[in-house]
Amino acid sequence: MTNHLLSIMIALPFLGGLAVFALSGLSPDMVRRVSLGVALLTAVLALVAYGEFDAQRAQLSNNGVVLAEDYALDAAADSGLPVILRFSLGLNGISMPLVLLTALLTPLAILASFTGIKTREREYYALMLLLFGTMLGVFCARDLLLFYVFFEFTLIPLYFLIGVWGGSERRKAANMFFIYTLSGSMLTFAGVLYVGWKASQLAGGVMAFDFATLSQLAEQGLLSSTEQWWLFLAFFAGFAIKVPLFPFHTWLPLAHVEAPTAGSVILAAVLLKLGTYGFLVICMPFFPAGAMQWAPIVGVLAVAGIIYGALAAWVQEDVKRLVAYSSVSHLGYCLLGMFCLKMSGMTGSVLYMVNHGLSTGALFLIIGMIYERYHTRDMAKIGGLARKMPIMAFFLIFFTMSSIGLPGLNGFVSEFMVLLGTFISRQADDVAAQGGPYGIWYAAFGASGILLGAIYMLFMARRVLFGKLTEPEGGFDDSAGLTQDLTRREIGILVPLAVACIWLGVYPKPVMEMMEPSLQPILATVAKVDRSQFGDDRQAAPGRAVAEAPSPSQGEDRGEGSFSVADKSKARAAIEHVALTDSSAAASSRNKKGAR
Amino acid sequence: METLRSTAIWIPLLPLIGSLLVGAIGLRWLKDRSHWLVIGGVALSLVAVLSVVSTVVGEAGRAHNVDHVAQHEGVDVAHTSDHASKLTESFTLYQWMSMGSDSWLNVSFRVDQLTSVMLLVVVPIGFLIVCYSVGYMRDHHGHPERGYERFFAFLGLFLFSMTVLVLAGNFLVLFVGWELVGLSSFLLIGFYYQKPEAAKAARKAFIVNRVGDFGFALGIWLIYLTFGTLDYQKVFDSVALAMQYDGDTYPAILRDFQALLGTDRVPDATAASALVLNIQDRITWIALLLFCGAMGKSAQLPLHVWLPDAMEGPTPVSALIHAATMVTAGVYLVARCSVIFAASPVAMWFVGSIGAATALFAATIALTQYDMKRILAYSTLSQLGYMFLALGVGAFDSAVFHLYTHAFFKACLFLGAGSVMHAMDGVIDITKFGGLKKDLPITYRTFFVSALALAGFPFLAAFWSKDEIIHAALAGNMPLLGWIGLLTALLTAFYTFRMVAMAFWGPKMLPAGVEHAHESGRWMTVPLMLLAVGAVFAGYVGVTFSDHGFIGFLAPHGVFHHFLDPVFASAKGILGAHEASHEGYALMYWSSAIAIFGIANAWYFYTKRPTIPGAIALASGPIYPLLKNKYYVDEIYDAIFVQPLRKVGRFFFGSDRYGINSLLFIIGNLPRVLGFGLRTGQQGAMQGYALGMILGLVALLWFVLQG
Amino acid sequence: MLALVPMIELLLPEIVLLTGATLILLTGVSKTLSRSATLLAMLAIFGALGATYRHNNPELLATAAASVDALNPGFFANYVRMIVLAVGLLIVFANRHVPEEGERAEFVALTLYSLAGVMLVALANNLILLFLALELVSVPTYILIGLSRRDIEAQEATAKYFFLGAFAAAITLYGFSFLYGATGQLRLFGADSISAWFIDGGSTALANDGMFLLGVLLSIGGLAFKLAAAPFHFYVADVYQGAAATVTGMLGFVPKFAGMVAAIHIVGLTQWNLSGPVFWGLWVLAAVTMTVGNSLAFMQYNVKRMLAYSSVAHSGYMLMALLIGPGQDGSGSAMRNGLAAILFYMAVYGIANLGAFCTLAWFRKPGRDDAYQSAELLEDLSGTGRTHRWAALALALCTLALMGFPLTGGFLGKLYIFGSVFASIGDQPQHATALVVLVAIGALNAAIGAAYYLRIIASCYWDAPRDGRVAPTPCSALQAVWVVCGMLVPVLFFFPGTLARNAVSAAHDSQMKVAASKAERVAHANESAADEVIEKAAVHSATPLKSARVSD
Amino acid sequence: MEMAAPQVLMIVGALLFGIGVIGFLTRRNMIVMFLSTEIMFQGVLTNLVGMGLLRGDLNGQALGIFVLVIAAVEAGLGLAIVVMLYRRRGTLDADGWRTMRG
């Protein structure tokens, strides 16, 4: 079974969804149970996959994958086909945590829909399962075309989930979501084909899309840096909208506000990660030069998004929109860390994907629980709920804290690592001899998010939980069998997320060790890019470069034990390049010295 | 050492376990017995603290002796014996964050003399306050307040966080504790969440702290950028090394750096020299950024605004967190990083100035307030100002000393205020009651003693510590700070006794609705008395016997300072260690006089001639309203930061909806526009279609045959 | 040269089909007999398929083809035959409910004639045969539209289609006359043929020869009408709207396929060596066609018109592949082959398009004149996702295929087309930027397409059902067709192999024919003396256009 | 100026084709429009004959004959359609048939 574990894991929800859709005799209650059962079974498979992954971890080094499967769809040996669709799957250290995240959240989202979804249950749960399988497929795909197929197919279930079970403006939201993301990914599609064509030179003239071949392209000099620039742009179009990176984020608040709870949860927790995942496993290793040319721009947009999203979140009255804007802000971190060319930043970035999924997913779940009771998310209409719903209040505070990066909870670790990586980005080290693309100002501005994040999240928590009790007329709606405070089912949904938050906050080492072997090659590839070729004149002249010069201890005419003046000035020049890359910072540091 | 370390781990864990258990089962099963778990946890933790501290004292004594020998033989202090370094070494609990290539940021603790002092402040006082809360969080009939178990869970959480903060072995863990105490503070201030002011104050505290933490975090990253590590000792020793460097001692420096940071980081002399220059360049930035965090946590100007509002929390919280322990974390930070600060004259100047300014500023505000807890809060600000003043002039041990004495009398004052409040049914405005001396005898006595201590009355706790600070300031290169300190001392004595006079002296007066004023129960009075004892005697650990004169046989700089000496040795080394005499007898006379003068004035103004204050207030013109309204800082912040930022937020949200989305709308409707234009060609007439076809064909022909 | 036996051998599928059609026509004399029309048509189609299958024998083809030079047998023709017959079978079934009782025989027969026309277009190696085949495709369709519905819209559609079709046919023919005039040949490929002549002249001087170019352009222009490429697309929406939905399904496929195959022949005459201006002409044609089609479809709320304009856009996508052709030397990979992409796309498009129109026909509503008519407006479809789950699902799948969405064959169609354009950059690096830009335009157009296709899906699934709005057509044949189409659409994604491989070999075959003309011509030229070349050159120098210009 | 026969035929053919196009575009009566397409076909025919003359073979004429046949077929069909349209509307004005548009 382990030979086909991943395909079974992906196929199971598909088949389950189909069964749920086709079996018209099932009562709504049965539909719920069957879907939950299928989802849980899939999650168990994901866990089994993790067990296998753990056992075969040694294979991860050098871009290796675990549980690899590779079938060519419908291709005979004498294939004269234009393109061979390869169904090739595998898990590496980046996809494993995301698969686990998906496998954790989707069953919970299904469970959370039990009381909220009252119409057309069969279709609803079928779509949820379909979405589940597709998301797993994206993360397991080891072939660009397969990745793209799954990536794009996620649109369909969510389109219906928003469009049918959404709020009052659901049509607008679903349409905007679908068309906007699809427009971007059509350009990505063009990019995919271009890459495939380029890779045909390595694959005997047949278009090839498997990750292993594609990663050779740049290395073998088959993609010029201009081509990589354009290819990055093409993939950027799809991924940046998906992430969403400022200023392509406007579909997100709308989609979140209108989506049903489970839709929001999945959207925030997993679907947005498809974009960041794409950047990480496709853009960076396959177009390293493109990535490095774009890194400063992505960085600026990410920082802008962090601040923009945070400030926009602060003025929201709708809780869901507030959290949606917070996602814009948070995913800015994710991208900022990704391109900093430091292991800490990249690890933090992947961890951020998981953590954002947990905490924001949980926040959306809680908001959904409130909404089911009061049918409003307007903070002017609900307030002081802590009095009536202490358990809910506990969880809301808990996940708020997780979201604003309180140490001990998951958000902090990733936020800290991302910002640390960004901060030290410019410094040269063994991996990146030229240093990373960011000056310290990226981190300095980005870090303002930790302040702004606290402001808007606590603003929300204060209004919803604290102060005078405000409820809509008639109190809470108990028609669905809900109690005033959270029911046991709802607590059961939130507890696993809370446990995961604590675990990742206190002891994330296993997850980091899982990621590292797979991040290493990506980092190495990107770090090898010579950024001076495209006019990055601020390249670091690091201590390393200095170190390569004859050191005083080796010099013949210098006695051991004293620096010459020349050494000192050289070192100083090096330092000013390394550390305070922005001229203003350099100047201010000189002033400080003068003052002393 | 091993037992020391394994014991140290339990210091934070025990309160945490108590807290988690209470949180999990308190509401349903423990109910009004919830306190037992936390008290038990803290008590055990206290035992662990005592054991740890005794070990440290023992170790320190041995190390001191070895050091002594070493110094005699002229060996460099930085790399002497193993004994000396054992206490400064941090020990790793587990690896936390991966920095790539198998280097990790660890969760590590460090137990040294400074930690011991802090633990001795935090845990015992915490224990007393937990006990006090058992009485306080109940009504007169002994029924617990709503959220009783929650309160104890939070207190336990706080003690966990605070002990993590002081036990931290590197900057990362320090930051963790730093943020966690912020969380506990947030939760406890917002304990009465139904009160909008409490909710608001909680949020304000958290956010203002985050402002400081923003700088703090940047400082930590800058440290990592410079040193490639966050471990305290490596950082401090590197700074010390870099400051020692004078261009001639290259081989030793290279060897030392390699020993400290590893050969990967410092492969050769060039790298070492680069590192030295880096450190020299950035040390000021690092110090200032770290100080940002300290300003936030210790509520120094201009980030002081949250502390007075934090008094919305239950009084034990104010005593524990917002007077005795958490707010001193900033002082602890600077003291801990004394080497870094000492290496930067700018930073030292800045710290001292901010401290002095806050001390004076807060004292002036305290003169005009009527809310007992707020007066105490401003007083806390002011005393913290003293501590920073001390740090700024290089008197690190004096600052820690003051921190230590302050914890006792300020906690006692707060708890006394809480006892008053408890008796007055929650009223805390000193204009509403008076003359409580008789009804609340224990509260009055303990309060009075602590007030004397705060005022700097001779031979009580603050007398020694404050004097030391002023003395150090006057002796240093910024004597102005010393004069400010003296002025503040006067104000302190005055406003403290203004409060005492209005609340306890004079004719008896009770707020409306309160029939009798009851003295509080045992749970509350015992801690009060214990703390009052501390307020009297705590100062004596910092006093040494001298052979001069009458008073002079007691002089500052005693056991306490010797104990701490190793911690601040390298900082003092950098500062040039002006071993001035500690015998500022003249100053001791003067400050005693000032304290007594202030107390006497307050007594005169508020018991003998109660009309005078009003007259002065009237006569002062705009000054009184300015002080009464706390210099309008809140309003200014609101106008300068909050409102503009919200406007920007609204603008952003608007530009999303009307800017970006409109643009998208336009782009999205380009096909529609195009289709609308093309549709004019679709008029349904076949001849029109034929015309279109012919024109198109001609255009095609023309296009191709032309080119 | 008339070689009757090989001719019959080579034309067997067409002969079977046409014989069947004629027999069916004869059954029209009696109502009882005409009931069997569909059955007979099925038999005829299966017979033709069998004959085609027998043709997939290279030796047989080689011996037969050697003796008949007006035909162009081979895998290309066979592929076209198979696709046309397969889709044709679906078309026949789909239309079972359309004709009135008395007209069934004629209706079915005409359908078969039209199908035979497409097959002959593929088979034609001669301008005369090509022209006749094209007319054989179109003339029956004029009548079919008229027969399909009784109301005024169908008649208007007939009139428009007929008049404009005749107009376009004249243009095509005019182009043919210039092709003949420029070369003196009627054969398309082979030793003495238009394409061979083209090589002879050397690629530089004569490639730009005005008359030849004029011929190619006019022919393409006329064929663009069949393709519904801009600016010959005007009629599309009106005609599609007017015809019955199932007939529209046929109109979207049969004439378009015929036009595309003919265009492949015509452009193939240039040895796929498009000179600068022609390249740019086709480039603009492709870009404009996509954009115009999608923009107009974007405006529609009538599903039939929307799909009509979208068919314009699909022609645009296929023109992209036509632009880059199969590569010049025949050595390129399968991906490089634009023709293969077209052939694959056409099949998928035909199926998805037919499926969509069949579901529309299945959702019938009461129309004018007491007759039922198919669902037309978006609002007619509202709620069908709940009331008719499977039909709506089939419609959604077909729509997704038209959109080019993954897990449908349409995705692969787009993939092959865009991919072939990229792959051709290797051959023509001078056009790299132009081709990349064209793909980008294509990609953006696909996004526009998604926007309006989504409306169909949204109507089915989002809107509440309206009582009595639509009811299913009681025709199990029709139902079977949309079931088959709905199933084929994902199947073609997962198992594209057979179809794609056949498309590749068909395209390769066509490419070989072109290359063979070159080879044969070269061999021939070696035999004849150099003076013949000189003579020919002299003739060319006296080409009419040039001399006319001189005489002016 | 003397012109060779092929060129004359080609020019005449082009003129006929052009006249047909213009007639198709300008005349409203459907029968006249239909006749105009016929004239276009005749123009093509003339052109073909001229080309055949130029090339000196019969291929052109052969194609021409088929063109005639097709033209006849279209004529039959066209007239039937015209009759059908006339029956429906009672007019042959092409402008009357534009109910579908947009």
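This is a predicted model: local features need pLDDT of at least 70, side-chain atom pairs count only at pLDDT 80 or more; totals for chains, interfaces and linings use all residues.
**Chains.** Five pairs of chains touch, and the pair with the most contacts is A and B. Chains A and D, in contrast, do not touch, their nearest C-alpha atoms being 24 Å apart.

**Sheet in chain C.** Three strands form an open sheet in chain C, in the order E2-E1-E3, and their pairing is antiparallel. The edges are taken by E2(C) and E3(C); each has a single partner strand, so one side of each has no neighbour in the sheet. Between E1(C) and E3(C) the antiparallel pairing runs over two bridges. In this part of the sheet, Arg364(C) is opposite Ala471(C) of E3(C). Helix H17 of chain C lies across E1, E2 and E3 of chain C, at about 40° to E1(C).

| Element | Residues |
|---|---|
| Strand E1 (chain C) | 363–366 |
| Strand E2 (chain C) | 372–374 |
| Strand E3 (chain C) | 471–472 |
| Helix H17 (chain C) | 338–362 |

**Helix pair in chain B.** Helix H10 (residues 269–297) of chain B packs against helix H13 (residues 329–336) of chain B at an angle of about 155°, and the axes are 7 Å apart. Angles over 145 degrees count as roughly antiparallel, so H10(B) is roughly antiparallel to H13(B). On the H10(B) side the contact is made by Leu290(B), Phe291(B), Gly293(B), Ala294(B), Met295(B) and Lys297(B). H13(B) contributes Ala329(B), Gly330(B), Leu333(B) and Val334(B). By class, the contact between H10(B) and H13(B) has seven nonpolar, two polar and one charged residues.

Methods: Residues are numbered from 1 along each chain as its sequence is written. Chains are lettered from A and ligands numbered from 1 in the order in which they are written. Two strands pair if DSSP finds at least two bridges between them. Helices (H or I, at least four residues) and strands (E, at least two) are DSSP runs, numbered from the N terminus. Two residues are in contact if their C-beta atoms, placed from the backbone, lie within 7 Å. Axes are lines fitted to C-alpha atoms, for helices over the stretch in contact, and angles run from 0 to 180 degrees between N-to-C directions. Angles under 35 degrees count as roughly parallel, over 145 as roughly antiparallel, 65 to 115 as roughly perpendicular and the rest as oblique. Ala, Val, Leu, Ile, Met, Phe, Trp, Tyr, Cys and Pro count as nonpolar, Asp, Glu, Lys and Arg as charged, and the others, Gly among them, as polar.
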